[in-house]
Amino acid sequence: MDFHEFVEYAKEKIAECLPEEYQKGSIRVYSLADYTGLTVDLPDDDTMISPVINLEAAFEEVEKYGVQPETCVKGMAEALGEGFSKREELYGLDLGMDNIRNHLFAAVVNPEKADLSGIPHRKINDLAVIAKSWISENATVTITDQLAEQMGMDAGALLEEAENNTKKIAPPILSGLDELITSAFPKEIRDEPLLPPTSLPMYVLTNESYQYGAYYLADQELLSQISRTLGNDLFILPSSVHEILIIPENERSMLPDIKQMVEEVNRTVVSRRDFLSDNVYVFERKSMELKVYTGEIPRELPGKKPPEMKGPVL
């Protein structure tokens, strides 16, 4: 069963698994900026809040963990029923336009995966920058054309404000990959080598919340600062929507192998919901341009050993 077959199965079967009071609703599947959602449109329901199931996350339970589709759909139905029963509690969220605007931030998504119709965005190579807002500690909302209009903003002004606000509410962090992995392990085993020795330094760029940190791939000024600090052009690997990996340029002949590695990791490690791109990018510090590696080996520059970096530097 692939993802599309799972979606059709869920649409067909979930209604009969819902609590009786919700079975008369219409099952609706729709594409959001960063995932595919399933909800139930109830008759004569004029509320603005409805629970939504992340279908990529649900399918991951089936694909990776062997959960039977019928069991997964029953769990989805239970989650929807619980979500509808607790909507009253959700009315405590501040959905006022001032709160939404004050917590705007920018994220990058893959336009081929996301339906961006009705969502303000700007293209950056094969990706797109969108605006979101943290309406609570654990909840975000994607800004649509309708929400932007209610805030009195056109697409350009919205995205500019979201991008400017991102560094304030989700500052960037650049860490060495080996240090970041090591910090996730208990102190008593941190002396053990966790990565094989390599002459290829690799860094992780994300933000303080570790959510939607891959946006900084679109921050030309920040990438320029990093490339100057490391003394090289940058190879950029889209690890997920939440972070990117940076390798200071060594030899451009490495790019085919790096791209193959990105594709393999995306197929075997990265979840469908967090997938960003199979492409590898090159940031050239002289021109301050971010380019997609297209399969050709561009000019090859002599590598320059970057300075040793420990811990967050930004």
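**Note on side-chain contacts**

1. Asp 278 and Arg 267 form a salt bridge in which the closest N and O atoms are 2.4 Å apart. Asp 278 belongs to the loop between H10 and strand S12 (281-284), whereas Arg 267 is part of helix H10, so the bridge ties together parts that are eleven residues apart in sequence. The model is a predicted one, and the distances and accessibilities in this note should be read accordingly.

2. The two partners of this bridge fall into separate accessibility classes. Asp 278 has a relative accessible area of 17% and is therefore buried, the limit for that class being under 20%. Arg 267, at 55% relative accessibility, counts as exposed.

3. In total, the structure holds twelve salt bridges. One of them joins Glu 161 to Arg 101, with 2.8 Å between the closest N and O atoms. Because Glu 161 is located in helix H7 (residues 155-169) and Arg 101 in helix H5 (residues 97-102), this pair ties together parts that are 60 residues apart in sequence. Glu 161 is partly exposed at 25% relative accessibility, and Arg 101 is partly exposed with a relative accessible area of 32%.

4. A further salt bridge is made by the side chains of Asp 233 and Arg 252, at 2.9 Å from N to O. Asp 233 lies in the loop between H9 and strand S10 (234-240), and Arg 252 in the loop between strand S11 (243-248) and helix H10 (255-268), so parts that are 19 residues apart in sequence are tied together. Asp 233 and Arg 252 are both buried. They also take part in a network of salt bridges that links Asp 233, Glu 249, Arg 252, Glu 284 and Lys 291.

5. Phe 105 counts as buried at 1% relative accessibility, as does Tyr 212 at 14%.

6. Two other arrangements involve aromatic rings. Phe 3, Phe 6 and Phe 59 are joined into a cluster by ring pairs. Arg 28 lies over the face of Tyr 30, at 4.6 Å from the ring centre.

How values were computed. Residues are numbered from 1 along each chain as its sequence is written. This is a predicted model: local features need pLDDT of at least 70, side-chain atom pairs count only at pLDDT 80 or more; totals for chains, interfaces and linings use all residues. Side-chain values use heavy atoms; hydrogens and water are left out. Buried means under 20% relative accessible area, exposed over 50%, partly exposed in between (1.4 Å probe, protein chains only). Rings of Phe, Tyr and Trp (its six-membered ring) pair if their centres lie within 6.5 Å; planes under 30 degrees apart count as stacked, over 60 as edge-to-face and the rest as tilted. A charge sits over a ring if NZ of Lys or CZ of Arg is within 6 Å of the ring centre and within 35 degrees of the ring normal. A salt bridge is a side-chain nitrogen of Lys or Arg within 4 Å of a carboxyl oxygen of Asp or Glu. Helices (H or I, at least four residues) and strands (E, at least two) are DSSP runs, numbered from the N terminus.
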